Amino acid sequence: MDDSNNINQTRRGVLIGGALGATAAALPLAGAQAAGQGAAGAQTPAPVTGKVTLRVNGQARELTLDTRTTLLDALRENLHLSGTKKGCDQGQCGACTVLVDGRRINSCLSLAIMHDGAEITTIEGMGTPDKLHPMQAAFIKHDGFQCGYCTPGQICSAVAVIDEIRQGIPSHVTGDLNARPLLSVDEIRERMSGNICRCGAYSNIIDAIKEVGGVKA
């Protein structure tokens, strides 16, 4: 018999045996993993829910929500107020800005359950097509939007900016912290910097805010 043929047969047998052994060892492990995943899935608890009453645009709304629900999702998905937009969902773009007890917040970063009893104003509560809020009218006049996606958040934020300055709340560009800040272009730009307009309508947005705020130049 040819010795080289014997060597090839032996080598082939070793390879086949090794492959069969590896397969046999893997099968029980895969089965155990599948069983473990099934057990874990079966033990997943139901979401924790809680009741919350939100006063949205002057109307009390009672909701039962998963306690992990953001204010943004509660407004859009539960109350069907789709004017407030979901942009980055990370607090970076400002499209979801609403007013809570008169102060602007990124609703995507705040849980709805945290605002039980709070007064919440969305773009739907700013005005109506027949009776626009002055800021809405100014945005239209100065063409402060293009695609319009960020506009609800821009308008809510702009209304809050004027109120903040009138209350004397300083910003990072306020020169004298002991004096009341002025409604200047620099103040407007700084305070609106958290609201991104991907269409680039910034100059028109500033013009709209200046008009409503009474800035002449």
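Tutor: Arg 104, Glu 164, Glu 187 and Arg 191 are linked in a network of salt bridges. The model is a predicted one. Since Glu 164 belongs to helix α4 and Arg 104 to strand β4, the pair ties together parts that are 60 residues apart in sequence. Glu 164 is buried, at 16% relative accessible area, because the cut-off for buried is under 20%. Arg 104 is partly exposed, with a value of 23%.

Both residues also belong to the largest pocket. Its lining has 18 residues, and Arg 103, Arg 104, Ile 105, Ala 160 and Glu 164 lie nearest the centre. The elements that give two or more residues to this lining are β4 (103-106) and α4 (151-166). By class, the lining comprises three nonpolar, ten polar and five charged residues. The space in the pocket is about 320 Å³.

Arg 104 is also one of the residues touched by Asn 195. Asn 195 sits in the loop between α5 (185-191) and α6, and is buried, with a relative accessible area of 5%. Leaving out residues up to four places away in sequence, Asn 195 touches Cys 93, Gly 94, Thr 97, Gly 153, Gln 154, Ser 157 and Tyr 202 as well as Arg 104.

Helix α4 leads on to the largest nonpolar core. In that core of 25 residues, Met 135, Phe 139, Met 192 and Ile 209 touch the most other members. α3 (134-141), α4 and α6 (202-213) each give two or more residues to the core, and α4 gives the most, with eight. Met 135 is in contact with Ile 155, Ala 158, Val 159, Ile 162, Ala 208, Ile 209 and Val 212, leaving aside neighbours within four places in sequence. In soluble globular proteins, nonpolar side chains tend to be buried together.

Lys 141 and Glu 211 pair with their closest N and O atoms 3.0 Å apart. Lys 141 lies in helix α3 and Glu 211 in helix α6, so this pair ties together parts that are 70 residues apart in sequence. Lys 141 is exposed, at 60% relative accessible area, whereas Glu 211 is partly exposed, at 39%. The whole structure has nine salt bridges.

Terms used: Residues numbered from 1 in each chain as written. Predicted model: local features only at pLDDT ≥ 70, side-chain atom pairs only at ≥ 80, totals over all residues. Heavy atoms only, no water. 1 Å grid on protein atoms, 1.4 Å probe; cavity = no way out; pocket = protein on both sides within 12 Å on 5 of 7 lines; lining within 4 Å. Points joined across faces, edges and corners; volume = space filled by probe spheres on them. Helix = DSSP H or I, 4+ residues; strand = E, 2+ residues; numbered from the N terminus. Nonpolar A, V, L, I, M, F, W, Y, C, P; charged D, E, K, R; others polar. Core = buried A, V, L, I, M, F, W, Y, C linked by side-chain atoms within 4.5 Å. Buried < 20%, exposed > 50% of the residue type's maximum accessible area, 1.4 Å probe, protein only. Contact = heavy atoms within 4.5 Å. Salt bridge = Lys/Arg side-chain N within 4 Å of Asp/Glu carboxyl O.
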